[in-house]
Amino acid sequence: MRRVNTTLKMSTSPHFRTRENVSMIMWHVNIALIPALIASLIFFGQRALFLTIVSVLAAIISEILMQKLFQKPISIKDGSAVLTGLLLAFNVSPAVPWWIVALGSGFAIVVAKQLFGGLGQNIFNPALIGRAFLLAAYPSIMTAQWISTRFSETWCTVSTVTGATPLNILGSTYKLAASDPEGSRQMIEQLGSSSSLMNLFLGNCGGCIGETSALALLLGGLYLLWKKIISWHIPVAYIGTMFLLALCTEFFSPFHNYVQIPLYHVLSGGLLLGALFMATDMVTSPISSKGKLIFGIGCGVIAFAIRKGGGYPEGVSYSILIMNAFVPIIDRYCLPRIFGKKSRS
Amino acid sequence: MGSVIRQTDSFSGGIHIPEYKELTQDQPIEELPVPRQVTVPLLQHLGGPSTPIVKPGDKVSTGQIIAEPSGFISAYIHAPITGTVMKIEEQYHPLGFKSKAIIIKGTEEETFLPLEVPAAPEELTKEQTLGIIKQAGIVGLGGATFPTHVKLSPPPDKNVHTLVINAAECEPYLNVDNRIMIERTEDFMTGIRLIMKLLGVDTCRIGIEDNKPRAIEALEKAAASDEGIYVHVLPTHYPQGGEKQLIYAILKKEVPSGKLPFEVGVVVQNVATVIAIYEAIYLKKPLIDKTLTVSGDNITSPKNVKVRIGTSFSEIIEYCGGPKKANSKIVMGGPMMGFSLFTDQVPAIKGTSGILLFSEEMGTLPPMQPCIYCGRCVEACPMGLTPVLLSKNIRAEQFDQAADLSLMDCIECGCCNYVCPANRPLLQLFKYGKLALRKRKG
C-alpha cells in the first residue's frame, strides 16, 4: 500500500480552478472571426486574405520584438496579438497597399498595447488606435480607395459619388434631398428595399474587409455568446441605440422611413463588427453589467452623431475609442451593491 | 404540519462547481478502531487555546476533561481515549503552525466518564442545558468552531424567532452532514427540538441543497409530524452554505454588514453540531469524536468515517487504503475553503470535516496570466464585492481604499479565485489585506 509522499504541494484555498484561461478566451474570439474572414474571401477575393495575413504577422512580430526589448516572456501563444492583427485588417479597405496594414498593426501593438504595459494594461482598443493612426496619417488612401465586390449590383457602384460604401451612398442621398427630392426619394426606396438590405446582410457590398457581412459577424457573435465570452449588454445597447436614434431622426428627415433606414444603419458600416467584437473587448470595457449598458449606449450616441453630423461617414471606431476613455469612471460609479449594505461601499 | 419548500431562487453571485459527491454519498459512516495514541491540540476552536488541567503521567478516562476554557470565547477539551498522558508539548497543528498539544497513549480497556446531566432532558432549564453544552466542549462543527454555548446565548434584546439549520454542505466531496441526516434522522430531529426549546423559538428552517435527495426524503418523513419545522430545498450553488447566503435564500433577509445573524432574528447551527448537542444531553457524551469524509481523486477507498479526535491523518488515510498513486496535495476540509497540509502526521481536530487527497493533475494549479478585466470575479462574488479592484489596491498596499471597497465583508469563499481565467491570487491578497487592516485596528 502506498504511503503519502513526503513532498506535498501547498497553497491557500481554493484548490480548484475553472478550466477556462486567458488564452482560451482570446482564441475563442479569433475563431469567432473566421466566418467574417471567409466572407471577405468570397466577396473581395484573395487580396482580403493576403492583407489579413500580413496584418497578423506584423502584429506577432511587433509583439515578439517589444517583449524581447523589455525582457518580458514572449506571450504570443495567448492569441491576443493575432486578435489585434485580425481586427486591424478587418477595419481597412481591401484596396490599401500591404504596408498600410503592416504599419497599422505594428502601431497598434507597439503603441496602444505594449507601451501601456502589455495585455490587460491598455486603456484603448489597440486595433482601433491602429486604424485611427492610419486614418490620420494616410487619409486619402484610407478613405478613397475601395473595391466593389465580385457579385456587385449596380447600386453598389454608383459612379456619381466618391467611394462606394453603403454609408457613403446613404449620406450623399440625404445631402441630395433638398436639390432633388424625387430622385433622392427613389434612391432611398432602392437602398431600403429588401434586395438591398439582403446584400448588406450577406456582405455583398463595399466596405472594410471584415465589416461587410452581417451574417458572418452575427454567427461569430452568437458563438461568443454561447461560449460566454461576451454578454449581451454591450451589443444590445450599442445596436439598439443606433437603431432607435436612426428611427427618431427619421421624424425630421424628408423620407420618414422608420424601418428600412434604421435597419440599413444597423447593417452597414462597422457597427456589427464594432458592437460584437471591439466594444466588447474585455480589457477596454466596463466590468459591471450596468456599466456595460452605459458604455454601449454612449458608443451608440457618439457613433450616430458622427455618422449624421461629423465629417466622416463612419463613426464606430471613434465612438468606441472615446468611450474607452470613460471606462475607469464608469467602473467607479457602477459597482454592484454590497450584500448587507445599502450602497456600493 | 412541517413542510418541504422547494425553491429555485437563492442568493445572487456564486458559482457552479463540480461536486464529486457521488464518491461517498452512499457510503455509510464507518467507525475507525480506537487509535493507540492521540495528539490533542489545545487550540481546536475560535478564541483562546484551552488550559490543560492534567500533567504527564496522569491516567485519564474517555470523556474526562483534560483542558479548560481560557476565557469567554474558549472551550473544554476531553480525552478522546482512555490511557496515560505522555507529554504536553508543541506539535504540528493541521493549520500549519506548531502549538501545544496533549499526547495520550491508550490502554486496551476503555472506561467512559459521562457528562453531568442533572435532570432528564425534558426537565432541564435553559441555563442547565447551556451549561451541559459548554461542559461537553461543543463548538461549531461546520468548520468555524465557534463555541456553541456562546452562539446559543444571543443577547436578550435581539428578538430571535427562527432557528436555521445549515444542511447545505456546499463544499464538493464532503458528505458528512448528508450521511448524518440519512442515518440518524431521529436523533437529528430530537436535537433540533431541543435547540428550539432552548432558544424559545417555534420555527426551524432547515436549508439543504437539492443534490441530497435521500436526505431530503428522510427529513420530509421526519418533519411531517412537526409543526414549525420546514425543509427548504435550495438549488445547488456554491456557497449556498455560507451563513449569510443561506439566511438570505431562506428568509430573504440580509444580515447587515459587520453584524451577526441574530440581528435578523436568526441563529444558525450546523447538522453535526446538532447531533453533538443531542449526544451531550441525551447520551451524556462529550465531544470526543468527529465524523469526516475521506475523498479526493487519489484515495483508494473514499469513505465517511467517525474518528476519535486526535487520531493522526496518516492512520485515517491508511484505513481508507492510502493514496492510489503518487500524492500531490492533502487538503483538510473542502477544496474551496480547506487548508492544504505539508504532512499527514497531524491530528484530526474538532473542525476537521474532510480529508482530501489529490493527484498531480488535480493538485496542480494553472500558471498566472495578466488580468484582462473580464469581470467574472465581480459576477461570482456572493457579497457584491469587486475582487479585481480590491486586489489592485491591496497589491499597492492601499489598504484604506480596499477598506472603502468593503474588503472586510469578504467571506473568503474563493469564488473569485475559482472563476478567474488568469488565475490571479485574489483570495490570498484579500487574506493579506484583511490581516493588515486588523493589525492596524490594534
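**Cysteines**

I looked up C320(B) and found it buried, with a relative accessible area of 0%. Buried means under 20% relative accessible area, exposed means over 50%, and partly exposed lies in between (1.4 Å probe, protein chains only). This is a predicted model, where local features need pLDDT of at least 70, side-chain atom pairs count only at pLDDT 80 or more, and totals for chains, interfaces and linings use all residues. Residues are numbered from 1 along each chain as its sequence is written, chains are lettered from A in the order in which they are written, and side-chain values use heavy atoms, with hydrogens and water left out.

Next I checked for disulfides, pairs of cysteine sulfur atoms within 2.5 Å. C413(B) is in no disulfide, and its nearest cysteine sulfur, that of C415(B), is 3.5 Å away. C413(B) is also buried, at a relative accessible area of 8%.

**Interface of chain B and chain A**

I counted contacts, meaning heavy atoms within 4.5 Å. On chain B, 75 residues are in contact with 41 residues of chain A.

Then I looked up the buried area, the accessible area (1.4 Å probe) that two parts lose on being put together, summed over both. It is about 4,800 Å² between chain B and chain A, and carbon and sulfur atoms give 60% of that.

I turned to salt bridges (a side-chain nitrogen of Lys or Arg within 4 Å of a carboxyl oxygen of Asp or Glu). The rule finds four across this interface. E20(A) forms a salt bridge with R376(B), and their closest N and O atoms are 2.8 Å apart.
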